[in-house]
Amino acid sequence: MGSARPAVVIGAGIGGIAAAIRLAAKGYAVTVLEANPYVGGKLTAFTDGGYRFDAGPSLFTAPEKVDALFCLAGENPRDHFNYRRLDEVCRYGWPDGTRLTASADPQQFARAAQDVLGVPQAKTLALLAKAKRIYGITSHVFLERSLHRWQTYARWPTLLSILRLPQIDGLRTLHRANAAAVADARLVQLFDRYATYNGSNPYRAPATLGVIPHLEFGQGAYFPDGGMHQIPMALVALAQRMGVQFRTDSPAEQIVTEGRSVAGVRVAGEVLPASVVVSNADLVATYRNLLPQVQAPEGLLAQEKSTSGLIFYWGIRAQFEAMGLHNIFFSGDYRSEFEDLFRRKTIPTDPTVYLNISSKYQPTDAPPGCENWFVMVNTPHDSGQPWDTLIAHTRQRVLGKLSSALGRPIEPLIATEAVLEPRLIAQRTSSYGGALYGNASNTPLAAFLRHPNRSGRVRGLYFVGGSVHPGGGIPLCLQSAQIATDLVPGP
């Protein structure tokens, strides 16, 4: 490795780790700089009083994108990283007392929607078929390749997809498309929720986001052995076996340029030379803090930001048979909820509550007879709201909602508690205002308006992670690393 050209990756989030692996496979000598004392970005974990919590993302789809990194290094993924496919996707609850378990099997899910909600099976299956069709049209163009190179559009498969663009339903909103497909407001709400997977508003986001259910029902949802934190841990170990160096507690200070090319990264007052620099940092932080000498894409930076989140990590001294790994308790007025998030920029007065309990699949995550609750509501990104007051009020509303739904007071069962909120998210991840997915996808052209994975102004500079193309979430961050490093020439 001594004669290999140096590359520096800024940020050890999942996109940065994957980029480091791919650069090492190309023959680069890779150093990853991480400001925090830990690696993994949002994919972190902690223990509290005998309860283990995955602190960040809790849904795992497209595991083949993780496996591909081991295969790239000539290793068998099963020797280092394993996971189980879920039999059910999620358990849903509505204020009227309706409960629906969404099986991972589309036919069973459709039958349950008919039995519980009265929606004909054919209607639900048609929505899932549409998701699969959109995926087939868009994935190899919008998700797997750079949208900012003419070569992408000169391929015959791309031209075929362009001819089928009317089929991706990009001119209607997701809500309008779902409401036209099924009459039951509860099932519409269930399918509208997929806009929140990238922090967007279903009443404004394009119906193209209806592709997301295909990841769960068509390709499957999974649970990693050891929990979500095992994803970055297994990949960091792989990267280290490939010679990648990780430097924690090492915040990058500036991306150094010479002329129109990168020269290195300043860290701890010294310049670490590099012919390739990959920024896994948030786009706003990259330009404002690390590239003051380069003209920033002000239009992109000014776009509407995605939602953030408020998470309560509760160790619960009880077990609830009615709950699964993934659970959703919907609000009574979904439209008002998104008005609160995006127009009024406050936490909704009646928030939809997501509850993840990893001890359902990994009993050691909680003491015997107990459960570890990851309780999340969507919030706006931080723009100076009175968070302490909002968090205290929301805590009581969430406790009331869950106590009512489960028929038992929850607060007396809380043995341990930790809280993550937009200000802390921003502090720990350098994401603008704690926005979890960078810019929101609330316009028909949102997919085309994300920042490219290669700089057009600075040679040797690349971008990965949730704030750039193709978007947020584990699969897309891993995909961004592939797109970016495919554009990097061999050393």
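Just after helix 2, Gly74 takes a positive phi of about 75 degrees, helices here being DSSP runs of H or I of at least four residues, and strands runs of E of at least two, both numbered from the N terminus. The model is a predicted one, in which local features need pLDDT of at least 70 and side-chain atom pairs count only at pLDDT 80 or more, while totals for chains, interfaces and linings use all residues. Residues are numbered from 1 along each chain as its sequence is written, and side-chain values use heavy atoms, with hydrogens and water left out.

Within helix 2, which spans residues 64-72, Val66, Asp67, Leu69 and Phe70 are buried (under 20% relative accessible area, with a 1.4 Å probe and protein chains only). Viewed down the helix axis, these buried residues fall within an arc of 150 degrees, so they line one face of helix 2, the arc being that of the directions from the axis to the C-beta atoms. They pack against helix 1 (14-26), strand 5 (60-61), strand 6 (83-85), helix 10 (230-241) and helix 16 (474-486), where contact means heavy atoms within 4.5 Å.

Two of these partners, helix 1 and helix 16, pack at an angle of about 35 degrees with their axes 8 Å apart; axes are lines fitted to C-alpha atoms over the stretch in contact, and angles run from 0 to 180 degrees between N-to-C directions. Among the residues that meet there are Ala18, Ala19 and Leu23 in helix 1 and Cys477, Leu478 and Ala481 in helix 16.

Technical notes. Buried < 20%, exposed > 50% of the residue type's maximum accessible area, 1.4 Å probe, protein only.
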